[in-house]
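Please open the model in your viewer and keep the selection tool at hand. The stops below can be followed in order.

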Amino acid sequence: MSATYYDYYDGSRAFVFISNRSGLPVDLVNFLIAQIAALCLARLFRKPLRLASPEFRHSVCLVIGLLMGYFCFGKQAVHLSVLPMLSYILLKTLPHRIMGNVILAASMLYLSCVHLHRQLYHTADFTLDITGPLMVITQRVTSLAYLLQDNLVKNEINSNNAKGDGPAAKVDKIPSPLEYFAYTLAFQTLMCGPVVFYSDYIKFIEGTRVNGVAKDKVMESEPSPRRAVFYKVVGSVTAAVLYLTLAQKYPLTVLEELTDPASEVSRSWSILYLLWYAYLSTLVVRCKYYHAWLLSEAICNNSGMGFNGYDANGVPKWDKMSNIDVFGFELAANFRAAVSSWNRNTNAWLRSVAYARGGAGTLRVYALSALWHGFHPGYYLTFFAGGLFTVAAKKVRAVVRPMFLDSRPKKLFYDFLTFITTRIAMTYATVPFVLLHLAPSLAFYGKFYYSLHFIALGALLLPSKSANLTKNSSTLELPTMSSKGNKDNLPANNMSGELNGKLKIY
C-alpha cells in the first residue's frame, strides 16, 4: 500500500495487522470494526438503558458517536462537530422565517469545501473519508432546520391571529444542545446513515415509538427486532461476499481503458458485451452499498429504532429506517420505481428540503442531489441522465402502456420489456457516477453514440397526458385533476421514509 495512502489516513492504525493479513485497506477494516461494535452496543438501548432517562440515552448516543468518529477519522473528526455547531448557532440567532434556507446554504457550502479539498488534494486509494458522515449530518441539520422553520412560523402566525389549528406541532422549540448534538452525532447512523428525522429520534429516546403510546405500553407491545436484525445482517454479509467474489472478475477500472483507442476494450469489445460488463461492474459497486446500508439498518433495529407497526397480517415491520429495497431496485420494471427503491431516505430528504419548496421542484432535487454528492463530473452526468430519463419514461409510459393492457400476455410482454429497458437505462446512466472522471465517462457514452440520450430527448416530444385529456375534453366529460394529486413526477419514494447519504465506500 502506498505511502500516500498511509500519510493521508488519520484514523486509528491499531488494526493494521488485520489489514495486512486480509488485504483490506485499514480504513475499511476500521469501518467494519466500528459498525460491528455499534451493532453490539445498540442492544444496550433495549435492555440496560431501556428505562434510563432521556438525557442519559442522549449522552450515550453522543459519546459513542464521538469515539467512533475519532477512531475512524482521527483529527478530521473535528468536522463532525464544527458543522453541527455552526448550524446550531444559526438556529439560535436567525429569524424563524429564513433559518431553513440559510442553514441549507451554509451546510452545503461547508460540505462543498470539504468535498473540494478531498477531490483536489487527496485522491489516493482510501475508501472511507470524512465526507460520508458529513453528508449524513448535512441531511440531519437541514431537515431539522426546515421542520423548525415550518412549525415555528406556523405557530407565530396562529399566535398573531389568536386562533390555533388543533394539536401542537411535533417540534415547537429549538432543541437543547445535548438533544441537538446527540441527534446529529448518534452512533447508530453516523457512518453511513440512514438519516433519521428529528421527531423519530426523539420518540426513540423518550420511548414513545408507536403512535404516541406511553413508554411502558410500547415496550410491552413492541416486538423483538432479533429476526429483522438477523435477516439484515445475513443480507449484509451476503452482499459483502458477492462483492469480494466479483470485484476481481469485473473491476470497474477496465472501463477506464475506453479512453485509449488502442486498448482491447476499445478495439474488440462489442456494444452488447460492453453493456453487460458495465452492468456487472456497477452491480459489484452496488453490493458495497447494500452491505453498508443493511448493516446500518440492523444497528438501528437492534437499538429499537425502525419499528413501523404491523402489516395487514399482523407481522411486525422494522422498515422505518430502511434505506434500500434491494429486490425493488434490481427487479424494477421502470426507472421511477428503481429510483424510489434506491437510497430512499435521501429521496425523502430531497423532497422535504427541495421538491416541496416551490416551483421547478424536480430540477432543484437533481441539482441539490448532485451538489450534495460532490464535484466529480461523473455525478453531474449521471444526474442529468437520470432526470432526463425520469421525465422521458413518464411520457413514454403514458402513451405506450395503455396499448398493452387489453390482454394478460401483452401486459406480461410489456413488463418484461420495461424490465430490460430499465436495466439498460440504469446501467447507462450510472456508469459515470462510479467512474467519477469526465474522460472515461464520455468515452463510455461515446461507444453508444449517446443513443439513449437522444432517444430520451425524442421521447420528450411525445404529447403529454394532460394534452391528450384536453384534446378529448370536447367529446368526453372528465373529472378535474389537481396537479397536487399527480405524483408521477415525484423523483422518489413516499414522504414518510427516512433519509441517508452517499456512501463514501468506493
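In which hand, left or right, does H18 cross H19? Bear in mind that this is a predicted model, and begin by selecting helix H18, residues 377-400, together with helix H19, residues 408-435. H18 passes H19 in a right-handed crossing. The two helices pack at an angle of about 160°, with their axes 7 Å apart, and because angles over 145 degrees count as roughly antiparallel, H18 and H19 are roughly antiparallel to each other.

With both helices still selected, display the side chains where they meet: on H18 the contacting residues include Gly 378, Tyr 379, Phe 383, Phe 389 and Arg 397, while on H19 they include Tyr 414, Tyr 428, Pro 432 and Phe 433. Sorted by class, this contact of H18 with H19 has twelve nonpolar, three polar and one charged residues.

Leu 436 is not a glycine, yet has a positive phi of about 75°, and its relative accessible area of 14% makes Leu 436 buried, because buried means under 20%.

Next, go to the loop between H20 and helix H21 (451-459) and pick Tyr 449. Tyr 449, again not a glycine, has a positive phi of about 55°; at 67% relative accessibility, however, Tyr 449 counts as exposed.

Now move to helix H4, residues 54-73, and helix H9, residues 198-206, whose axes come within 9 Å and cross at roughly 115°. By class, the contact of H4 with H9 comprises six nonpolar, one polar and two charged residues.

From H9, step back into the loop that lies between helix H8 (177-185) and H9, and select Pro 194. The peptide bond joining Gly 193 and Pro 194 is cis, with omega about 0°.

For the last stop, select Asp 129 in the loop between helix H6 (99-121) and helix H7 (131-160). Is Asp 129 buried or exposed? With a relative accessibility of 2%, Asp 129 counts as buried. Its side chain is joined to that of Arg 118 by a polar contact of 3.3 Å, and the side chain of Asp 129 also makes a polar contact, at 2.4 Å, with the side chain of Thr 131.

Definitions and conventions:
Residues numbered from 1 in each chain as written. Predicted model: local features only at pLDDT ≥ 70, side-chain atom pairs only at ≥ 80, totals over all residues. Heavy atoms only, no water. Axes fitted to C-alpha atoms, helices over the stretch in contact; angles between N-to-C directions. Helix = DSSP H or I, 4+ residues; strand = E, 2+ residues; numbered from the N terminus. Parallel < 35°, antiparallel > 145°, perpendicular 65-115°, else oblique. Left-handed = near helix turned anticlockwise from the far one by under 90°. Contact = heavy atoms within 4.5 Å. Nonpolar A, V, L, I, M, F, W, Y, C, P; charged D, E, K, R; others polar. Buried < 20%, exposed > 50% of the residue type's maximum accessible area, 1.4 Å probe, protein only. Polar contact = N/O pair within 3.5 Å; in protein donor to acceptor, adjacent residues only side chain to side chain.
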